Amino acid sequence: MATPESTFLASKIYTKEELCLLEEIPEPCAIVIFGASGDLTHRKLLPSLFYLTSQKLMPKFYVVGVGRTEMTHERFRQTVRESLPAGTEAGVMDDFLSRCHFVSGEYDSSQLYQSLSQALDDLDRKFGINCRRLFYLSTPPSLYGTVVKALGESKLVSPAEPTGWVRVVIEKPFGRSFESCRELNHGLHEYLSEEQIYRIDHYLGKETVQNILMFRFANILFEPVWNRNFVDHVQITAAEQIGVEHRAGYYEQSGVLRDMFQNHLMELTALIAMEPPSNLNANAVRSRRTDVFRAVRPLTRTDAEQSSVCGQYGPGTVNGVPVPGYRQEKGVNPKSDIPTFGALRLEIDNWRWQGVPFYLRSGKRLADRVVEIAVHFKRVPISIFKPLLADQLAPNVLKFKIQPDEGITMRFEAKHPGPRLCMSTVTMDFGYQETFKTPPPESYARLFHDAMIGNQTLFARNDGVEECWRIMDPIIEFWESGGHPPLPIYPVGTWGPHEADMLIARSGRFWD
Ligand code: BG6
């Protein structure tokens, strides 16, 4: 008998094994990276392109780096070589490098775009590429609007060939408030359609983050209990051991609330809380994510005071080595009030989640590097294991371990062997690496590939990103205005300020 899906899907049905072997190789295209001498380009972007090449997932392509620094192609190739894995076979390295080129100029000067346009036409001819262009904006965020306007005015965003396409990937942060995000969206839409804009959030490219959808919607067990009747609360933690490093200039303008909460933590919240989309199309999935953001209860200034905690790291030691506090870091104002830690309680006002708090926290220079989501279920209603009472039986906790040690664990109560009534909490453990024998790939590689094949599912849509700012604005305003309590200073290597423990303890709960 035909299943509802098989009648619905007129196209070919694959077996799981066949589907797994399906690879979508993008159409030949040019990759143009603005901000090519920057840190992200060398740490993430070029190695990701190289990884895709080594996996034979790249089409015919060439790369143009664009930057303010004057540089010859040869010098650029040398810097590219330094960014790629040592020990790469010479032939493979040389082939990759021969595809890399550089164009320099000021981002607001028409001269740059004329040179770029000429270079792209020449390289298209040389590499046999038909006006398919992926522009990647990894410049300081204040330049996103300037670059897109200049690309638009130089006619670089409308493909000259009918089979061509132009897409623009934009790094975070996308705006610094609801208003500025809106303005940026308007500015971009003057030259680009929403289908051409790829707002990147690298957390969405993480393998374990993508697995949340599989886990929830490819299994029958969890969805029936994924709601207010069975879930007590959700904790999302993104903790880092590193400090601000060499990014003080950026971080002093952003702080943890803009850097981690408005984007990464909100997207994780959406994947946990969203309704099942009708299919995996980009807009179907993104609409369900945006529904979650829309349902987050708007916070007032008073709520911000009650429901959020911020802090800043003070000096301490890491593995016995003294490290400076935030205010002593190079490039940081010695009186800086920028938070490097945040904790937040959110409520989602919809049928599924009413009354289930979501606790989010993130910080730098914490005790461990760990990103995870813990879904804490309710207690059993009554204990039949008297004299043990129901509140002595530990509630089930399902944990998505995003990094490191990527995996999923489930805590439950189990009986000890033997005649006595004796039980403990045990953990069922699925590890990616042990199961699939391969480390999860770099998230930027996945996102580059998706942008090249034109799949926007893992990129933020204009309405979603605006909604996230709407949620964060009052909290940011509270912590940036004069009226907030003094910023607690937490010592390096701890789990943040004591106030964050109080935030969750007020409702009788604890950080996992
Ligand atoms: C970036 C932030 O988006 O994410 C950084 O700007 C942060 O401050 C980084 O360190 C964390 O990413 P990951 O992949 O290391 O968890």
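A salt bridge here is a side-chain nitrogen of Lys or Arg within 4 Å of a carboxyl oxygen of Asp or Glu. By that rule the count comes to 32 salt bridges. Before I go through some of them, a word on the model. It is predicted, so local features need pLDDT of at least 70 and side-chain atom pairs count only at pLDDT 80 or more, while totals for chains, interfaces and linings use all residues. Residues are numbered from 1 along each chain as its sequence is written, and side-chain values use heavy atoms, with hydrogens and water left out.

I start with Arg 133. Its side chain meets that of Asp 124 in a salt bridge, 3.0 Å from N to O. Both Arg 133 and Asp 124 are buried, where buried means under 20% relative accessible area, exposed over 50%, and partly exposed in between, with a 1.4 Å probe and protein chains only. For Arg 133 the relative accessible area is 6%. Arg 133 is found in strand β4, residues 132–137; helices (H or I, at least four residues) and strands (E, at least two) are DSSP runs, numbered from the N terminus. Leaving aside neighbours within four places in sequence, Arg 133 is in contact with residues including Ala 30, Leu 120, Trp 165 and Arg 167, contact meaning heavy atoms within 4.5 Å.

Next, the ligand. Which residues are around the ligand? They are Lys 172, His 202, Tyr 203, Lys 206, Glu 240, Arg 247, Asp 259, His 264, Lys 364 and Gln 403, on the rule that one heavy atom of the residue lies within 4 Å. A polar side-chain atom of Lys 206 lies 2.6 Å from a ligand oxygen atom. For Arg 247 the corresponding distance is 2.8 Å, and for Lys 364 it is 2.9 Å. The protein covers 82% of the 400 Å² of accessible area that the ligand has on its own, by the Shrake-Rupley method with a 1.4 Å probe.

Two of these residues also pair with each other: Lys 364 forms a salt bridge with Glu 240, the closest N and O atoms being 2.8 Å apart. Lys 364 lies in the loop between β12 (358–363) and β13 (370–377), and Glu 240 in the loop between β7 (231–239) and α10, so the pair ties together parts that are 124 residues apart in sequence. Lys 364 is buried, at 4% relative accessible area.

The pair Asp 450 and Arg 446 is a local case. Their closest N and O atoms are 3.1 Å apart, and both residues lie in helix α14 (residues 443–453), 4 residues apart, about one turn of the helix. Asp 450 is buried at 3%, whereas Arg 446 is partly exposed at 33%. Elsewhere, salt bridges that share partners join Arg 294, Arg 461, Asp 463, Glu 467 and Arg 470 into one network.

Last, the backbone. The peptide bond from Lys 172 to Pro 173 is cis, with omega near -5 degrees, and Pro 173 sits in the loop between β5 (165–170) and α8 (178–189). A cis bond also runs from Lys 386 to Pro 387, with omega near 10 degrees. Glu 245 is not a glycine, yet has a positive phi of about 55 degrees; its place is the loop between β7 and α10, and it is partly exposed at 45%. Lys 437 likewise has a positive phi of about 55 degrees, and at 67% relative accessibility Lys 437 counts as exposed.

Conventions: A polar contact is a pair of N or O atoms within 3.5 Å; within protein, one must be able to donate a hydrogen and the other to accept it, and residues adjacent in sequence count only if both atoms are side-chain atoms.
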